[in-house]
Amino acid sequence: MICTGCSCLCDDVEIRDGKILNACYRGYKVYSKLSENRARALVDRREVSVDDAIEKAVEILGQAKNPALYGFDTTTVEAQEVAVKIAEKLNAFIDDNSSFCLGEVVEAILKKDVPSTTLEDVRDQAYVIFYWGANPYSSAPRHMSKFTYYPRGMKRLKGYEDRFLVVVDVRRSETAKLAKKNAIFIKVESDDELVESFNLALEGKAGKYAKEVGTVITELKRSDFNAMFVGLGLKYGVRNLDGFFEMIRKINRVAKLYLIPSAFHSNMRGFNEVLFEKTGSINKFSFKEQRSDKLFAFTELLKRDEIDAVLLLGTDPLSSIPFEISKKIMRIKTVVVDPKMSLTAKIAKVVVPSAFSGFESSGTMVRSDGVRKRLEPIEEKEVNDLWILKKISEGL
Amino acid sequence: MPISPMDIYKLLPKTNCKKCGEMTCMSFAFKLLNKEKKLEDCKPLFEEKKYEKQKEKLIEILKPLEKAKETGLIVNEDLCNGCGNCVVACPVHVERDPHGAMIGKISSDDAILRIENGKVRVLNLEICRRYGKNRILCIVCRENCPTDAISFLEG
Amino acid sequence: MLRISKFLKFEVEVLVVRDSLNEGAVIFFHPEFAKKIGIKENDLVEVSKGDKVLRLRAKLSNFAPENGAYMPNNIFSSYFTENNFKKFKANVEIADGKESTVEEILDSL
């Protein structure tokens, strides 16, 4: 089975004798709680049939002046494609978590502004494994053991003993604690200062982290294949990511360093790729204006009271975005499509219960490095994201 | 030879008397194997003469399990999140499972450690390098556990 | 015995992180820092920022920032965050009673 607990999409998960083998605790929790707190079809918090809930959803979206679609990071590429079609049909805004998550990193990779590679190639070849502002121990627990640091690969026969680990963080995280032999942990106060130190070092000057940066550059130069994984700590640690990408390009003039986003929701990258193919933008897109803008991010639209209805799928803004913003969902007509009775579902106008992609419905997802995986669900539920979105699309 | 729960079960009274706190002798056998129960917890086995021979045999086959403690491996499940670093780093796994643990895939029934239900479980301690006569004090699994979920008796 | 810290309020920078093992109304302090501000494992603390107040269970962790705290990313941390989703500053003091619940937050809507 493919675990859809995070963007690693681990493909060696087995279910045997009622036990789930090989999946990490994050993946196990999704599986073991599959039947808990399931969503029911609701309109104005009254129980209705799934068909009635969908009909009401169609009515709300069809009548809205400025509708938005948001989420889609835990559903399949196939469902994401229908979501984009609905947004187009409605002249709506469409956005996903990547606008406050690692969207810029995926965008830079899709636009080929920075070099990237696959996790298989990292396993086989990478010498320096560099985590910046990421703690895969928590966000993607098997990242290091399955893909990056620990496994042996064609050119790394001794696994982690043949690699060099670099961890950058503002705290000594679990991942930082693993930086022991052949490794360096750089504890930063400001990520910008470290970016500057790299830039200065490449010009032969000394910045605040001159010593650490010197060590890292020396190690990078020892191999023609190194990989950096960046997380949200970086995104919120630097003033702007363009400067960071510029630094990556500069480093690449002296040593090969590939960039891969560390981890996010199971198919966030899929959403970015689907929208990119259709529009040339990866998120926060307005079909009315035919362009992407930071003002079209779902959080910005809420802040500025720009939308009157939203279709949320596979996302729980009340849990994940600042409360001052998410509470504005109360003021608009909200349709939630979700397998679970999420917090946002509890306050939504319409709830359409769906299936868990990967566990209960099939399709395609895109791993953090862009590799596509066919899901292998335990069961196939008829009422899933794709089915629901198609119904909504037909109704409009 | 690894001991199976069936080997143990065959020698138990098989009366499902529940005196050990388990519903069945079979589940008691499982717990014995996982060291969650002691043989002494089976009251009839020690109180009733007719089980004398079975008891002795059980003590005999459970001996390797007793020795297993010699490796001193302790897993604190509360601290484990199933990252699998220990499973992939383990030198014994690498040797025995070149297409599994060695390359980051971790599914083997004859491994020392395996991730089950999101937590690391000890399966076959007797193949650990810390076990037996020629043991060495390998600490690779502990060294690569960021949360100290794995520790050894001697610290 | 009364603890002096009971009457003290500290401003703390709180990181919002993903935590695969812990969820709920909890806040993690570095043991050294906790000692300094007089917080013990499992104390109930009141975390406040402006007019927003939550009661959280305090836990100690070596993975917490040395001069601050972290919270798992969930509705409790989202309750305090603003433009920077990853950190915020809040006041912390020892409190009595029970942890805040999701319902309390939802009721405020």
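**Chain by chain**

Guide: Chain A holds 18 helices and 18 strands. Here helices (H or I, at least four residues) and strands (E, at least two) are DSSP runs, numbered from the N terminus. The radius of gyration of chain A is 22 Å, close to the 21 Å of the globule rule for 396 residues, so chain A is as compact as a globular protein of that length. That radius is taken over C-alpha atoms, and the rule is 2.2 Å times the number of residues to the power 0.38.

Visitor: What should I know about the model itself?

Guide: This is a predicted model, where local features need pLDDT of at least 70 and side-chain atom pairs count only at pLDDT 80 or more, while totals for chains, interfaces and linings use all residues. Residues are numbered from 1 along each chain as its sequence is written, chains are lettered from A and ligands numbered from 1 in the order written, and side-chain values use heavy atoms, without hydrogens and water.

Visitor: What share of the residues of chain A counts as buried?

Guide: Buried means under 20% relative accessible area, exposed over 50%, and partly exposed in between (1.4 Å probe, protein chains only). Chain A has 396 residues, and the buried share is 64%.

Visitor: What share of the contacts in chain A joins residues 24 or more positions apart?

Guide: Contact means heavy atoms within 4.5 Å. Counting contacts with a separation of 6 or more, the share in chain A is 68%.

Visitor: How far apart do the centres of the positive and negative side chains of chain A lie?

Guide: Lys and Arg count as positive, Asp and Glu as negative; His and the chain ends are not counted. Each charge is placed at NZ of Lys, CZ of Arg, CG of Asp or CD of Glu. Chain A has 62 positive and 57 negative side chains, and the two centres are separated by 4 Å.

Visitor: How far apart are the C-alpha centres of domain 1 and domain 2 of chain A?

Guide: Domain bounds come from an automatic or database domain assignment. For chain A it gives domain 1 (38-100 + 277-395) and domain 2 (103-261). Ten residues of domain 1 of chain A are in contact with 15 residues of domain 2 of chain A. The C-alpha centres of these two domains of chain A lie apart by 33 Å.

Visitor: And in chain B, how far apart are the C-alpha centres of its domains 1 and 2?

Guide: The assignment for chain B gives domain 1 (5-70) and domain 2 (73-152). Their C-alpha centres are separated by 26 Å.

Visitor: Which pattern does chain C follow along the sequence?

Guide: Chain C has three helices and six strands. Read along the sequence, their order is β-β-α-β-β-β-α-β-α.

Visitor: What is the radius of gyration of chain C?

Guide: Chain C has 109 residues, and a compact globule with that number would have a radius near 13 Å. The C-alpha atoms of chain C fill a box of roughly 40 × 25 × 25 Å along the principal axes. The radius of chain C agrees with the globule value: 13 Å.

Visitor: Is Asn384(A) buried or exposed?

Guide: Asn384(A) is in the loop between β18 (372-374) and α18 (385-395) of chain A. Leaving aside neighbours within four places in sequence, Asn384(A) is in contact with Ser354(A), Ala355(A) and Ser361(A). Its relative accessible area is 11%, so Asn384(A) counts as buried.
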